[in-house]
Amino acid sequence: MQQWWQQLSSAQQGQIDAMLQAELRDHNYSSVTDANRQLDALPWCVSEQDWQQLELAVSQRQKLWQMVLADLYGPQQLLQTGLIPPLLVLQNPEFLPPLMTLNPPHWLPLLTLDVGFDAEGRWVSVREHASQVQGLGYLLQHRLAFNQVTAGHPDLPNKAHLAGFFRALLQQLQQPQAGQTAGIAGILVPPGRTAAYFEQSFLASYLDIPLMQGADLLMRDNTLWLKTLTGLQRVSAILRQLPDAQCDALELDSLGSGCAGFLQVLRQANHCQCLNPPGAGLISSAMLKPFLAALCQHLLGESLLLPPLPSYWLGDSGSLAMVLAQPDNFVFHELQSAQARVFASLSAAEQGLLFEQISANPYYFVAEQRAQLQTQPQALIPNKELPAVMRVFALATGNKSRLLPGGLGMLQINAEDFLVTTLAPLFKDVWVLADRGKARSLLQSSDNPLLLSRHSGLVPSRVADHLFWMGRYNERLNLMARSLRALLPLLTNNEWVATDDAQALLQFCLKANGNMLSPADQSAIGLLTQIFATDHANGIVAVLEQLLFNAQSVREYFAEDTWFVLDKLQDTIHSWPTHLSSQQPAQLLRQLDEVVLLQSAIYGLNNETMSRTQTLRLLDLGQHLERALQTCALLELVFVRRRPGAGVLEALLKMADTVMTYRRRYRSELHPLAVIDLLLLDTTTPRSVGYQCARISRQCNALPSLNPSTGLTAEQRIALEITSLLQLAEPQSLLTDDGAGGEIGSEALAELLQALQKQLRRLSDSITLSYFNHATDRRLWQSF
């Protein structure tokens with residue numbers, strides 16, 4: 001491989017490297033981990049002979065761990081015979097007693113190992129992983145990037161293909177359990193934006209299975225259900241990326257983000273398989289490393305083929321004396337702590353504290369010899385090699401173990417860093433130099449006949465919920481910005497005193513995000529300061545943060561241009577002046593103009609780039625429901641029990657971009673009734689309540705029916721009631737004489753606006769119950 005690389009010119013080498021990094025950047029989700037990730041352009045090549053040795057060793061290790069876990073969560077004979085000191089298991093945070101009743105068919109169907117070559121060129125294991133299979137998505141992306149960049153390059157060596165392993169993994173996930181029909185398989189991940197979010201999404205996309213969070217799942221009748229927009233779907237297999245203790249808040253960590261009742265589902269034979277079951281994470285504990293060789297001889301009658309780095313339990317007096325005589329050569333692991341400590345990297349005070357802790361209770365410590373690993377070259381930095389390990393993945397299928405023919409190579413400046421961190425910033429693609437035949441990829445090839453599809457995939461209820469509320473918060477932010485933009489010119493120039501006309505718009509901004517803001521300073525500038533404050537729960541910045549939170553939770557549904565605009569929107573809003581003064585209205589107006597412009601870009605991009613599926617429908621429903629609700633609240637503040645002036649009437653028309661429409665229709669002075677008709681009843685004005693309600697009704701008619709019947713759904717009925725309220729309204733009855741020669745909103749207008757707001761909130765609640773919480777799904781409650 002190095003010969004092929006050295007034949008390339010410096011310009012060609014630089015071009016390949018730049019293209020590889022561009023492939024990574026173009027497909028990541030801008031997390032810190034992905035932004036710092038670099039893929040070395042020179043793969044790590046392993047001979048077929050070396051790889052065959054590793055396959056045998058990993059197969060043995062997977063079989064050994066299966067037997068160890070089955071015993072530790074079962075009869076615990078290994079503890080009774082003293083092969084493993086009981087305290088290292090029973091007081092280990094990774095050992096979870098509730099799982100002793102689990103008894104899965106296989107404790108370790110998917111084993112992940114960090115391995116390398118020691119100074120003598122022998123395979124050695126550095127770390128073992130079972131709780132979260134991290135790196136499989138990165139490995140896949142790296143190989144696809146290399147295939148894309150080096151396509152057509154001559155003289156590249158033959159390498160083993162990865163697709164066969166991923167196909168076997170998918171088949172195992174989708175294989176029906178005995179006596180059961182196949183359900184849905186998915187990847188169980190933590191909530192929020194974690195560092196592993198990109199690779200989890202990438203792997204899910206390649207396998208064509210959904211990402212699931214604990215909030216997406218529901219346990220009923222010992223069965224696991226996925227809440228989707230089209231109803232509850234039975235889950236038959238989980239690829240777990242969630243820490244063991246987080247999986248079930250009912251039996252494990254009460255603050256866990258998994259699904260309550262998850263363990264109970266796994267206890268039921270053939271209901272749901274989990275790769276890997278909770279509890280398997282015990283193998284990642286360094287406390288068991290010193291005993292692996294003896295365990296292998298006892299359980300399998302064989303010598304350990306893949307030894308770990310030399311490790312010593314300090315509860316043994318001989319090991320304790322040897323380690324303390326040369327502590328600089330060791331990394332120390334404490335039973336109750338997941339953080340390894342490299343002795344040579346500690347300060348004098350930290351070293352003294354460690355000695356005190358070991359002296360007080362040596363039984364809680366394992367010392368692991370600092371790694372002496374072979375190095376790998378860097379493509380663009382000649383003569384500078386770094387210690388390297390590769391992360392490999394083994395899948396147990398029946399009684400056999402299948403090792404993925406490749407790996408995730410990682411480079412660190414110091415070899416012992418592999419014992420401290422999970423992933424390194426510099427990666428290599430690992431090639432096994434063997435012609436093992438070409439496995440059929442899960443991706444459709446351009447060389448094969450194409451099977452056309454318009455299937456949009458499952459939409460988990462959590463995703464639908466985030467899209468719905470993204471639409472609502474986006475519209476809420478837009479209306480607040482438009483209201484503030486219309487409000488500022490109504491304030492008196494020098495003192496920023498709110499006139500009667502400005503007061504209604506100011507009150508609207510204060511109430512738009514829920515509870516009324518109640519700052520101590522009730523002046524206009526004091527109220528505005530609170531609206532713009534970055535730390536206020538109901539201010540405009542808080543609305544932006546909620547918008548971004550919901551968008552980031554469903555990031556993969558939006559185009560890169562949408563994220564560029566969202567980043568610009570965030571920068572604009574966070575650049576508000578810290579302290580408002582009467583000298584700043586022009587600056588604020590420019591910033592508000594930019595906010596409105598950027599939000600218009602978001603609306604346009606989503607409508608131009610998102611497929612016309614239920615995902616866009618939920619986003620659209622949230623947007624138009626919020627616009628109708630907030631517009632009703634604004635009209636109530638302006639017209640009910642007060643006489644609106646010309647200034648606020650014009651501001652309303654500007655907020656709704658209907659000034660020109662009004663002038664074309666009436667060519668007269670502003671009249672309250674005409675404004676009410678235009679912004680409330682007219683179904684042809686894009687920002688009127690009537691238009692929103694008509695659109696909401698159409699979208700509700702297109703939502704999936706969860707409980708098939710001949711009648712209307714609850715959402716359709718509520719939408720029909722809303723449109724009927726508007727259609728039955730008598731425009732002339734909406735205003736009444738105020739007794740002073742003017743007109744104010746009548747009781748009929750107040751009742752209509754309040755009824756509309758009540759029904760719109762009821763519709764929002766109904767959508768939540770039916771499609772996000774599934775409280776109305778008959779199958780869910782029929783057993784009660």
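## A lysine over a tryptophan ring

In this predicted model, the charged end of Lys-159 sits over the ring of Trp-431, at 4.4 Å from the ring's centre.

Searching the whole structure turns up 19 aromatic pairs. One aromatic cluster is formed by Tyr-138, Phe-198, Phe-202 and Phe-427.

## Helices α17 and α18

Let us move on to helix packing. Two packed helices are described by the angle between their axes and the distance between the axes. Helix α17 covers residues 540-552 and helix α18 covers residues 560-573; they pack at an angle of about 160°, and their axes are 11 Å apart. Because angles over 145 degrees count as roughly antiparallel, α17 is roughly antiparallel to α18. Their crossing is left-handed.

On the α17 side, the contact is made by Val-541, Leu-544, Leu-547, Leu-548, Ala-551 and Gln-552, while α18 brings in Trp-563, Leu-566, Leu-569, Gln-570 and Ile-573. Sorted by class, the contact of α17 with α18 has 9 nonpolar and 2 polar residues, with no charged ones.

## Helices α18 and α19

Helix α18 also packs with α19: the axes of these two helices come within 10 Å and cross at roughly 165°. That angle makes α18 roughly antiparallel to α19. As α18 passes α19, the crossing is left-handed.

From α18, the residues in the contact are Asp-561, Thr-562, Val-565, Leu-566, Lys-568, Leu-569, Thr-572 and Ile-573. From α19 they are Gln-591, Glu-594, Val-595, Leu-598, Gln-599, Ala-601, Ile-602, Leu-605 and Asn-606. The classes in the contact of α18 with α19 are 9 nonpolar, 5 polar and 3 charged residues.

Leu-566, Leu-569 and Ile-573 of α18 take part in the contact with α17, and these residues are also listed in the contact with α19.

## Helices α14 and α19

Helix α14 (residues 461-487) and helix α19 (residues 585-609) have axes that come within 9 Å and cross at roughly 150°. This makes α14 roughly antiparallel to α19, and α14 passes α19 in a left-handed crossing.

The α14 side of the contact consists of Met-470, Asn-474, Glu-475, Leu-477, Asn-478, Ala-481, Arg-482, Leu-484 and Arg-485. Facing them from α19 are Leu-589, Leu-592, Asp-593, Val-595, Val-596, Gln-599, Ile-602, Tyr-603 and Asn-606. By class, the contact of α14 with α19 has 10 nonpolar, 4 polar and 4 charged residues.

## Two backbone details in loops

Two backbone spots may interest anyone checking torsions. The peptide bond running from Leu-275 to Asn-276 is cis, and its omega is near -5°. Asn-276 is found in the loop between β10 (273-275) and α11 (292-300).

The other spot is Gln-76, a residue other than glycine with a positive phi, near 60°. Gln-76 is placed in the loop between α4 (48-72) and α5 (77-80).

Definitions and conventions
Residues numbered from 1 in each chain as written. Predicted model: local features only at pLDDT ≥ 70, side-chain atom pairs only at ≥ 80, totals over all residues. Heavy atoms only, no water. Axes fitted to C-alpha atoms, helices over the stretch in contact; angles between N-to-C directions. Helix = DSSP H or I, 4+ residues; strand = E, 2+ residues; numbered from the N terminus. Parallel < 35°, antiparallel > 145°, perpendicular 65-115°, else oblique. Left-handed = near helix turned anticlockwise from the far one by under 90°. Contact = heavy atoms within 4.5 Å. Nonpolar A, V, L, I, M, F, W, Y, C, P; charged D, E, K, R; others polar. Phe/Tyr/Trp six-rings, centres within 6.5 Å; stacked < 30°, edge-to-face > 60°. Lys NZ or Arg CZ within 6 Å of the ring centre and 35° of its normal.
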